Amino acid sequence: MELLGWIPFFPLLGFLALVFFGRSLSKPMVALIGVGSVGISALLAFLVGFELLRGSMAPYRLALGSWITTGDLTIPFGFYLDSLSMTMLFVVTGVGLLIHLYAAEFMEADAGYARFFAYMNLFVAAMLTLVLADNLLLLYLGWEGVGLGSYLLIGFWYVNPDNGYAARKAFVMTRVGDMALALSLFLLFTELHSLDIQTVMERAQSEWKVGAVLPVTAAALLLGGAAGKSAQLPLQTWLPDAMAGPTPVSALIHAATMVTAGVYLIARTHVLFMLAPSAQTAVAVVGGVTLLIAGFSGLVQTDIKRILAYSTISQIGYMFLALGVGAWSAAIFHLLTHAFFKALLFLAAGAVIFCFHHEHDIFKMGGLRKAMPLAFWSFLIGSAALAALPFTSGYYSKHEILLAAFETSPILWGMGCLGALITGIYSFRLLFVVFFGHQTREVEAAIGNRMRIPLVLLSVLALFGGLLQIPLDTVFPASIETTLPSPSPWVSIVTLMMPILGLLIAALFYLTGTLSSTAFTNEPIKRLLLSGWGFDALYRTLFIHPFVALTRWNKKDVLDSPYLRTAWLSRKLHDLTRAAQTGRIRWYAASMAWGAVVVIAIGLLS
Amino acid sequence: MGILSILLWTPAVGALLLAITSGQHAASIRWIAHTFSLLTLAIACRLLFQFDANQSQLQFSEFFILNPDVGSAYSLGVDGVSMPMVFMAALLSFCALLISHTIKNGIKGYYFCLLLLEFGMLGVFLAQDWALFYVFWEVTLIPLFFLIGHWGGSRRHAASLNFVLYTMGGSIFMLISLLAISQYDLESGGSLMASLSQSTYSMSRTEQLLILLGLIIGFGVKMPIFPLHGWLPLAHVEAPSPVSILLSGILLKMGAYGLLRAIAMLPQAAQFFQPALVILALIAMIYGGLLAWRQTDLKAMVAYSSISHMGIVLLGIASLNETGMTGAVLQMTAHGFIAAAMFLLVGLLYERTHTRNIQDYSSLVQVTPRFALFTTLTLFAAMGLPGTVGFVAELHALAGGFQQWGGWMALFSLGILLSASYAIRTVGLLFTGPVKAKMQHVADLTGPEMLTAGILVGGIVILGVMPQPLIALSEATITHLYTLVSP
């Protein structure tokens with residue numbers, strides 16, 4: 001179990017090695033360090049994980065040393081392993097390893113090969129710190145670290161200013177959420193005098209009443225932080241732009257791991273949310289609304305990666321929905337299966353882009369089924385799991401979420417079902433457009449084993465990952481789906497049928513061509529959806545333009561002017577008095593005489 | 001002679017030696033200056049090791065009466081608040097000298113002024129007598145006036161004049177306040193900081209308020225407190241980079257340090273000014289950040305960001321609680337490292353490209369990876385990213401503020417957000433973007449530059465991961481200060 005402390009260490013070591021010596025290393029050596037460090041972490045994670053699973057599932061704590069100690073603020077470097085952090089650990093190291101392996105081939109032609117793996121390793125180290133941290137401040141360290149990794153990797157191809165803009169946007173927007181998270185940390189520390197997650201939860205439970213102001217505020221602030229990182233309403237607009245990064249980055253950071261950190265955060269602090277029912281409802285509503293608006297936007301996108309990005313936002317919306325209705329395990333379960341199938345979809349999309357002239361527009365592709373069978377099958381499995389077709393991994397997790405949502409509120413369930421329908425449509429639209437029809441151009445490259453193996457393994461996980469049993473009951477209170485009587489069969493049937501209906505609609509539009517999509521779309525609405533509901537334009541007018549105008553107006557610092565006026569005034573006074581010094585004797589004599597008269601007059605009159 | 005006197009007078013002896021050296025011997029002038037600053041740093045290191053962090057009282061005290069009629073004394077001492085500053089002054093002076101090789105004209109005068117400046121700065125932090133403090137406070141002005149006015153950029157004369165007038169203007173208020181207190185204490189003997197705190201108890205409330213107001217203005221110009229910051233951008237931009245390092249790294253902290261001492265002396269008045277100070281801190285953070293975001297001159301960007309960062313110090317001081325004051329003292333050291341590293345790196349970049357316009361740069365990461373790494377780390381520290389010393393300091397200051405004002409701290413988070421935007425904007429414009437042919441032949445850091453940058457950036461990262469030694473250094477003294485100011 002002591003090996004736990006070494007898990008984030010190896011990627012960190014890999015990062016340092018690549019930063020300092022990356023330029024002088026050969027590409028195979030870089031790949032060995034970059035992939036190998038995550039490989040060792042994965043191996044250690046599985047060793048530690050099996051030990052935990054074999055034992056009594058009692059949480060394991062490891063103190064590595066102290067970080068900050070002042071007054072009653074004590075922050076150790078400490079790790080905490082229970083079945084929740086173990087699940088995250090498996091996702092980060094397992095899926096992370098596969099993506100690193102894939103990237104070793106995908107990025108091989110790039111001049112910044114070492115830089116790429118350095119950033120990736122940094123990201124993995126930070127993400128592992130985030131999920132293993134036993135206190136909120138260390139979690140925050142990892143939280144900012146993954147934000148940094150995300151920034152560096154979105155802007156990886158830095159010569160294009162658009163990529164830099166996307167990276168800055170992602171960083172600053174998530175930082176808005178981070179501020180909320182920081183404030184909640186201050187609040188928790190000021191009120192409960194600890195930042196240790198377990199201590200905070202215990203104290204909150206014993207000191208705070210359900211629904212009181214403090215837990216609601218703290219939970220709402222945590223939600224703000226989670227919404228920023230997980231690209232939920234109203235901070236979701238950075239994720240589609242984040243697709244500017246290389247595809248393995250999108251798979252690792254913007255699908256499987258970092259963007260689910262918000263879900264992890266809320267699950268980790270679920271005690272607080274149970275004390276704050278209104279905040280928890282807010283989580284559900286945010287999730288429900290986000291999953292719908294992102295799903296609608298996904299329907300009209302033409303960039304293959306942007307479709308997947310909107311789909312990610314939407315699927316994380318499902319996780320938030322699950323958290324909001326108290327289906328904690330279901331949320332984490334969906335996080336796990338989503339990591340499998342969305343990483344698979346991104347990697348398969350990467351393979352298509354890699355082999356097909358670096359094309360992103362799906363309508364310029366077509367008929368790739370024959371030319372790229374592996375990518376096709378990966379996409380088929382991934383889309384099926386994404387749409388939650390029965391017996392794929394996504395089916396188990398999403399079904400559980402929707403049934404739990406029904407118990408809380410049929411409206412939320414309705415939103416979720418509508419979302420499931422939309423998911424079915426957009427995921428199969430993508431599949432049909434890219435892989436069916438007739439091929440327009442020849443495929444220019446083939447993929448090697450380092451890209452094939454991750455695709456195959458992730459396909460297996462996306463298909464059968466739903467059968468994994470994670471003992472999350474030790475972390476969460478009994479979820480409601482087990483305590484409540486199962487809902488009437490028609491709810492299950494509707495939930496089950498929605499994705500299939502979506503598939504059929506997509507087939508009618510894009511496979512058989514029976515229906516024409518142009519007949520159904522209204523141009524303004526399409527443009528609205530394409531732009532992600534105009535949030536960018538809204539924020540631009542609300543925040544960016546006033547900010548820029550204000551700073552432009554005050555570039556020279558208006559406060560200088562009073563001081564400059566003082567200088568101006570003394571210069572004027574100086575000029576005035578200087579005017580008296582003419583050098584003419586007659587003037588001097590006259591003024592002396594007049595002065596004497598005045599002085600004498602004053603003397604006489606007073 | 002105690003260790004403090006040796007520390008204090010070493011740079012002065014160096015300056016005297018320089019004065020009698022012929023100006024023709026450039027090599028021997030540089031050698032003398034470097035040796036003496038290294039010697040000072042070594043003594044400061046020794047002091048640091050001998051310093052007992054568990055004691056809250058003054059250590060290594062030295063005392064003898066200078067003028068029995070006025071009661072002024074030559075009194076030196078260090079405690080947990082001044083110790084980090086003394087060390088930083090010695091360290092940054094050493095760093096500033098290390099990168100002074102680009103100064104080619106009038107080097108004798110330059111090095112003389114720099115050593116004299118070091119002498120003055122050390123004196124400010126070591127003096128335990130207000131009269132002595134004031135003398136050293138003014139001593140720093142003279143060399144700075146010449147350093148900016150003679151070796152500065154194109155607007156150097158305006159800048160040095162501006163700087164001196166602003167500071168003198170503030171000093172007058174400070175002087176009046178100090179004179180006003182000292183008359184209460186003639187019988188008990190002098191203007192010692194320690195004994196003056198006792199004598200303030202016999203003052204009327206109005207008097208206390210007026211005295212603290214005078215001190216706030218005096219220290220506020222230096223710190224700077226909004227809206228007394230007008231001198232800062234111009235002086236920092238026009239000063240040669242080694243001097244900018246000392247200006248932002250140490251000179252600004254003199255103001256914060258003095259304010260901390262003044263508040264410990266007049267706790268009741270401090271309570272009265274607390275709301276005003278915190279509002280000024282908030283404005284400074286946001287105002288400085290807004291201006292920094294918009295600047296096109298890199299040095300001006302760093303200068304305005306200094307205003308924003310010193311707002312955090314003021315916030316920590318104004319919170320008047322232990323966590324907040326710890327944050328203020330930490331931020332003084334943290335900003336010492338960060339601002340010094342920023343001005344160092346910007347200065348080095350200017351020497352290579354002869355432009356400071358941020359729009360002129362592009363994709364520097366290709367040609368200068370080491371420079372990019374150091375600069376990026378420093379900017380991340382400036383935005384308070386965890387793992388850097390900036391984070392530890394901001395965390396304490398904000399936590400202290402939160403204990404005092406709760407939800408109002410949400411406004412301060414705007415300042416933090418702003419710092420993220422200007423830092424990330426700078427990183428983006430310097431190191432990424434389309435390749436420009438002109439920027440393809442910039443040399444990377446070498447030799448002494450690497451050493452200097454390595455010391456400063458190393459400090460930023462090491463103290464970010466292991467801040468405990470730094471925190472422990474001031475802990476006992478701050479606890480003691482807190483007992484003085486707590487109502």
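**Setting the values against the cut-offs**

Biologist: What makes B:R370 partly exposed?

Modeller: The relative accessible area of B:R370 is 40%. Buried means under 20%, exposed over 50%, and partly exposed in between (1.4 Å probe, protein chains only), so 40% puts B:R370 in the middle class. This is a predicted model, in which local features need pLDDT of at least 70, side-chain atom pairs count only at pLDDT 80 or more, and totals for chains, interfaces and linings use all residues. Residues are numbered from 1 along each chain as its sequence is written, chains are lettered from A and ligands numbered from 1 in the order in which they are written, and side-chain values use heavy atoms, with hydrogens and water left out.

Biologist: Why is the pair B:R370 and B:D444 called a salt bridge?

Modeller: The closest N and O atoms of the two are 3.7 Å apart. A salt bridge needs a side-chain nitrogen of Lys or Arg within 4 Å of a carboxyl oxygen of Asp or Glu, so this pair qualifies. B:R370 lies in helix α16 of chain B and B:D444 in the loop between α18 and α19 of chain B, so parts 74 residues apart in sequence are tied together. (Helices, H or I with at least four residues, and strands, E with at least two, are DSSP runs numbered from the N terminus.) B:D444 has a relative accessible area of 11% and is therefore buried.

Biologist: Which residues are joined into one network by salt bridges that share partners?

Modeller: They are A:K169, A:D241, A:R306 and A:D536. Over all chains the structure holds 13 salt bridges.

Biologist: What makes A:D134 and A:R61 a link between distant parts of the chain?

Modeller: A:D134 is in the loop between α4 (113-132) and α5 (136-154) of chain A, whereas A:R61 is in strand β1 (residues 60-70) of chain A, 73 residues apart. Their side chains meet in a salt bridge at 3.1 Å, N to O. A:D134 has 6% relative accessibility and so counts as buried; A:R61 has 40% and counts as partly exposed.

Biologist: Why is strand β2 of chain B described as largely enclosed?

Modeller: Seven of the seven residues of β2(B) (residues 72-78) are buried, so the rest of the structure largely encloses the strand. B:S72, B:Y74, B:L76 and B:V78 point one way, and B:A73, B:S75 and B:G77 the other.

Biologist: How do you know that β1(B) and β2(B) pair?

Modeller: Strand β1 (residues 59-67) of chain B and β2(B) share six bridges in the antiparallel sense. One of the partners is B:Y74, bridged to B:F64. The two strands form a hairpin with four residues between them, and B:G71 in the turn has a positive phi of about 90 degrees.

Biologist: What is the size of the interface between chain B and chain A?

Modeller: About 4,300 Å² is buried between them, with 71% from carbon and sulfur atoms; buried area is the accessible area (1.4 Å probe) that two parts lose on being put together, summed over both. B:R294, B:F402 and B:I424 supply 14% of the area that chain B buries against chain A, more than any other three residues. The contact (heavy atoms within 4.5 Å) takes 57 residues from chain B and 42 residues from chain A. Salt bridges between the two chains number zero.

Conventions:
Pairing = 2+ DSSP bridges.
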